[in-house]
Amino acid sequence: MAKYYDVHPDNPQPRSIAQVADGVRSGALVAYPTDSCYALGCRLGSRDGVDRIRAIRNLDDRHHFTLVCQDFAQLGQFVRIDNDVFRAIKASTPGSYTFILPATREVPRMLQHPKKKTVGVRIPDHVVAQALLAELGEPLLSSTLLLPGEEEPLTQGWEIKDRLDHVLDAVVDSGDCGTEPTTVVDFSGGTAEVVRRGAGDPSRFE
């Protein structure tokens, strides 16, 4: 049964955020809001968390997981970025973009694309997500909360709690955060390729 945290969207309660972060450190799988839509999140090295996300979303091993990072310094520990790509990404973060880049050795192999050795990274522009990342002190391993066979992600915390109570450990509700997932830009080939159009303006990468 998932714990339910009703968190203020502009001034998230530190005690609630600390409890969610403690849960993540202990292996919890949480649903939390971002600047595009709700996401599933767990600790970076959690094999159990990865398996549970795959089961909930019915994902295969080619799915790109995303490391949701607090800032650019943290992001740079997990992916390799050359100068041109650095400038392009820096100008677009924080924001509703996911960038696919070559992974460093800091990224567990189970999270990397099996052939490309890449991983998705993003820095959200969302008060509650940023508070959670700051408290946690490391990225959240994440995936959009889009259920198999459904056109749009779940948008309401109470609905997520109601439908996924048996498979989640916690739900963080700070109100509606939209239905559109991030725009995904693949830089693994050295140049920008927009592979999914979403909440972030894709024109700057086209």
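Residues are numbered from 1 along each chain as its sequence is written, and side-chain values use heavy atoms, with hydrogens and water left out. In this predicted model, local features need pLDDT of at least 70 and side-chain atom pairs count only at pLDDT 80 or more, while totals for chains, interfaces and linings use all residues.

**Exercise 1. Describe the largest pocket and its lining.**

Step 1. Start with volume. The largest pocket holds about 390 Å³ of space. A pocket is an open set of points on a 1 Å grid over the protein atoms alone, where a 1.4 Å probe fits, with protein on both sides within 12 Å along at least five of seven lines; lining residues have an atom within 4 Å of a point. Points are joined across faces, edges and corners, and the volume is the space filled by probe spheres set on them.

Step 2. Find the centre. The lining has 24 residues, and the closest to the pocket centre are His 64, Thr 66, Thr 144, Val 184 and Arg 196.

Step 3. Assign strands. β4 (66-68), β5 (97-102), β6 (118-122), β7 and β10 (193-196) each give at least two lining residues. β7 gives the largest share, 3 residues.

Step 4. Sort by class. The lining has 10 nonpolar, 11 polar and 3 charged residues. Here Ala, Val, Leu, Ile, Met, Phe, Trp, Tyr, Cys and Pro count as nonpolar, Asp, Glu, Lys and Arg as charged, and the others, Gly among them, as polar.

**Exercise 2. Decide whether Thr 183 is buried or exposed, and trace its side chain.**

Step 1. Thr 183 belongs to strand β9, residues 183-186.

Step 2. Its relative accessibility is 0%, so Thr 183 counts as buried.

Step 3. Its side chain reaches the backbone nitrogen of Gly 198 at 2.8 Å.

Step 4. Beyond four places in sequence, its contacts include Ser 96, Tyr 97, Val 194, Arg 196 and Pro 202.

**Exercise 3. Count the disulfides.**

Step 1. Recall the bond. A disulfide is a covalent bond between the sulfur atoms of two cysteines. The cut-off is a pair of cysteine sulfur atoms within 2.5 Å.

Step 2. Give the count. It comes to 0 disulfides.

Step 3. Cys 42 is buried at 0% relative accessibility. Cys 69 is buried too, with a relative accessible area of 0%.

**Exercise 4. Examine the backbone at Pro 94, Asn 58 and Lys 117.**

Step 1. A cis peptide bond links Thr 93 to Pro 94, with omega about -5 degrees. Pro 94 lies in the loop between α4 (83-90) and β5.

Step 2. Asn 58 is not a glycine, yet its phi is positive, near 55 degrees. Asn 58 sits in the loop between α2 (47-57) and β4. With 62% relative accessible area, Asn 58 is exposed.

Step 3. Lys 117 also has a positive phi, near 60 degrees. Its loop runs between β5 and β6. Lys 117 is partly exposed, at 39%.

**Exercise 5. Find the polar partners of Asp 165.**

Step 1. Asp 165 lies in the loop between α6 and β8 (170-173).

Step 2. A polar atom of its side chain is 2.8 Å from the backbone nitrogen of Ala 2.

Step 3. Its side chain also meets that of Lys 161 in a polar contact of 2.9 Å. Lys 161 lies in helix α6, residues 157-164, and is buried at 18%.

Definitions and conventions. Helices (H or I, at least four residues) and strands (E, at least two) are DSSP runs, numbered from the N terminus. Buried means under 20% relative accessible area, exposed over 50%, partly exposed in between (1.4 Å probe, protein chains only). A polar contact is a pair of N or O atoms within 3.5 Å; within protein, one must be able to donate a hydrogen and the other to accept it, and residues adjacent in sequence count only if both atoms are side-chain atoms. Contact means heavy atoms within 4.5 Å.
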